[in-house]
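Please open the model in your viewer and keep the selection panel at hand. The tour below goes from one selection to the next and says what is there.

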Amino acid sequence: MTDHVTEPVLSVDDLTVSFPSEQGRVTAVRGLSYRVSPGEVLGIVGESGSGKSVSSMAVMGLLPPQAKVTGSIRFQGRELLGRSDVELSQIRGRRISMIFQDPLSALTPVYTVGDQVAEALLVHGAQSRQAASARAVELLDLVGIPGAARRAKSFPHEFSGGMRQRVVIAMAIANDPDLIIADEPTTALDVTVQAQVLAVLATAREVTGAGIVLITHDLGVVAGLADRVQVMYAGRTVETAPVDEIFYHPRMPYTRGLLASIPRLDTGPRQPLIPIEGQPPSLVSLGPGCPFAPRCLLVIDHCLTTEPDLAPVSDTQRSACHRSGEAAPPAPLVSGVECYNTVSHSRVVLRVEHLVRHYPVRKGAILRRQVGTVRAVDDISFELREQETLGLVGESGCGKTSALMEILNLAAPAHGRIEVLGTDVSALDRRRRMQLRRDLQVVFQDPIASLDPRLPVFDVLAEPLRAHGVATTEIRRQVPELLRMVGLRPEHAGRYPAEFSGGQRQRIGIARALALEPKVLVLDEPVSALDVSIQAGVLNLLSELQTRLGLALLFVAHDLAVVRHIADRVAVMYLGKIVEIGPINAVYTGPQHPYTQALLSAIPIPDPAKERARERILLTGDLPSPADVPSGCRFRTRCLRYAALTPGLQSRCEQEEPAREQRGEDGHESACHYATAHAVL
Amino acid sequence: MTGFLARRLANYVLLCLAATFLAFALGSLTFSPLGQLQGRNPAPPASVIAAKRAELHLDEPIPARFVAWMGGVVHGDFGSTITGQPITDELGARAGVSLRLFALGTVLGIAVGVLVGVASAIRQYKASDYAATLFSFLVLSTPVFLIGTLLKFGGLRLNEAAGSTVLYYTGEFSPGFQGGWWAALADRLSHLVLPTLAIALSQIALYSRYQRSAMLDVLGSDFLRTAQAKGLTRRRALFKHGLRTALIPMATLFAFGFGLLITGGVFTERIFGWYGMGDWFIYGVQQNDTNIVATVTLFVAVLVLFSGWLSDVLYAALDPRIRL
């Protein structure tokens, strides 16, 4: 940046966007104003429905025609609102470009990626087709696609999600734009890939010198990348400030609530989270007061009648709260969630030994023959004790869900042994299996898809009870109790799942799982579909229920921060194997396996100073296909420790598969020939 | 890929044989080809009937008759009708008539159907979309013989209004037409207009509905947004990225549609006096002629399976995600 005051590259003033809906007009953005300077990264943070994506689509002029947009969007001094599609298409992709959330669907499936990148050049320049193709290869190389010249001829489906997002970034920087809008660019990606893509985004900023609008719900991502942060709620900015101010001196209660509600990797386990109670407001009919007032702990009468303006609280910080001028905010009250467990000597409720799940890969339409094996779960062993929470973490495709399904099957696995409450499941007959199912229940990831939309909540909860022959009078007594237990009201029993929010639906899912009073609860990514402020409430509920009911939880997640928060022990999976397992503190503070270290290092921490000081271990490449597992140690193709070894030492990794060995106290085991503990947080 | 397509073809040959055999057997069991002869007044002598019986091999078991007929087919001889005419010559003529009749109508039906479908999708819930929907349901719920008759009537009125014959509605060309090459072509075209419309209208109605929903699926897709974000105008993004993708599921429909149309157009052929395959099939049934019925069945089977094969090839060509 230059010394003199730079003209903002983008200034949005009093932007309002509304859509018609069946309930009435939804005002998704209500008078939004912001500026982005050249080379600046503005982070826009907010939960789903806060209007952050809609406002950026308005800047791109890509909202559907039924959207009504008013206000002003000036790009380099030129007004964009009201321009025709043809005029905007001169600017889109050349001066302003955009990176989208879901890389899997962002590319046209029928054209090669090289052609799609070249197209971005061809529509804006008089270059020849050959020159555009050559430049496309350079761009693909720049964003880190190995063998770019060859890969340019591949189709999108031949790339992984992370690689596709690189292609989208290559497209976005093709014409050296002045502004890049990145809408949740890493939300759909695994953490190690997220770290890679964020690094590419940082490169893109250096190469183009563009201003970047980074839209995300992940405060960790913002902490590491943004210069300035703007927090949105109910279609408006509620707080904006330089990144450090937002994280260290938040003034608006919503910002503070967000920061308090996210589980963090860098704090000890079992710190109670502070959820923001209630739901974001409906944008159809907003009352006169502050939209956050119903959820706010600091609410005063004035809040209910007048919506606060975004007012300066310091030179650089502005906040929309009537009480932002007050000195120290009182600490919010926390309902005590004390749940330190002493579990080391209790009974084992689930024992998995050498579990294997392979899927054959077949080919041919008439004569089907096996051409390979997907080694989804390849010899895993672990124990889960009474009242204990074991977190099972790993990236997508590592076999977490396959392992879960195999356990829930309650049938003899192809190889290995599964023991539930001391009973070997291979020895069960139908009746005994049915009985054992009562003790092993499951909560699924997607709270929308896992509840039958045509069943009222009462029936959803009564169904497992009826299936196990519980008397009707008893069911009538139990259902209201279950609802109370998960923080819902008994009168909710008559409603249908569609009438509940995501977090409430997940509570219903938990209540259904608890109906039969199980000993073991299996949770498959139970909070990954929820907004952070809602997620905290569900996590607290789980902790509380565990303490009260003495449940053992097998908690599958890809979010290591969530696992640190809730689990007592953690098992890290990579390509169908558990590479490290141990007590939560030991694994998080002294990870031994290089994969665990990379995984922990890849997760952004919502703390700008820590983020800046951190040294990232960036894994190269993608997860290998589980159908084509590398010889010896299966992590060696991406392992930095292996790469640093002398060829003599490397050969051991290539030939010998490392066994899991205990290398620390309390059963901290890892599967690496050259394991050394290395703190990365 | 080549191996896969070759295996598919081999599979199809078996299916064709099975279909033809079933039609042949059904015909042989239910037809009484001697009935007409026996029903004559005065009745022909028993020796004549016996001779016809021997000529048609009616005493042999059906599988043996089928094998004998099929043996001929392999060498390009489809046998003869019960009146003794060679089927092979007739087949060529009939297939030619059908092809000339349906080729233009089908191409027109597909092209206009796709365009109407795309336009409806882009302008969803606008007046033009409702108009297209109304047209489609109207055409689809009107029997084809009514459409044909109405078109014929319309042609007649047009001719009356013009005072001369602008559009013909019977046959392929004017009998005994004299004139140069261009004049002959013009004559044939003016015979083709009404039947082509009859065929195209129902195809447009059908394909536009499918294309509309395929296009609607694509309209909300992220890659269309990406294309626009790159700097393509909405129109260009819609056609280059949207339509190309939305055409993929239509490939199967087009391929099979054509295969079935050639034989399904009985009414169109009859109304406009074109003696093609559909008409021939009805004639074969009326005449109790097993060989004609079996030949038409074989022709249809080959056409349908070829369409299937063609749709596989089209699919593989249109969609890089499909690798056979």
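**Confidence, a strand and some cysteines**

Colour chain B of this predicted model by pLDDT, and the lowest confidence in the chain falls in helix H11 (residues 250-264) of chain B, with a mean of 77, while the highest falls in helix H6 (residues 127-140) of chain B, at 94. Across chain B the mean pLDDT is 87, with 97% of residues reaching 70 or more, and for the complex the predictor gives an ipTM of 0.79 and a pTM of 0.81.

Next, select strand S20 (residues 552-557) of chain A, which is largely enclosed by the rest of the structure, because six of its six residues are buried. Show the side chains: A:Ala552, A:Leu554 and A:Val556 point one way from S20(A), whereas A:Leu553, A:Phe555 and A:Ala557 point the other way, and all are buried.

Include helix H17 (residues 532-549) of chain A, and a right-handed β-α-β unit made by S19(A), the helix and S20(A) comes into view.

Finally, select the cysteines; a search of the whole structure finds zero disulfides over all chains. A:Cys303 is in no disulfide, the nearest cysteine sulfur being that of A:Cys290, 6.0 Å away, and A:Cys303 counts as buried at 7% relative accessibility. A:Cys321 is likewise in no disulfide, with the nearest cysteine sulfur, that of A:Cys296, 6.1 Å away.

Technical notes:
Residues numbered from 1 in each chain as written. Chains lettered and ligands numbered in written order. Predicted model: local features only at pLDDT ≥ 70, side-chain atom pairs only at ≥ 80, totals over all residues. Heavy atoms only, no water. Disulfide = S-S within 2.5 Å. Buried < 20%, exposed > 50% of the residue type's maximum accessible area, 1.4 Å probe, protein only. pLDDT = per-residue confidence, 0-100. Helix = DSSP H or I, 4+ residues; strand = E, 2+ residues; numbered from the N terminus. Right-handed = clockwise from strand over helix to strand, strands pointing away.
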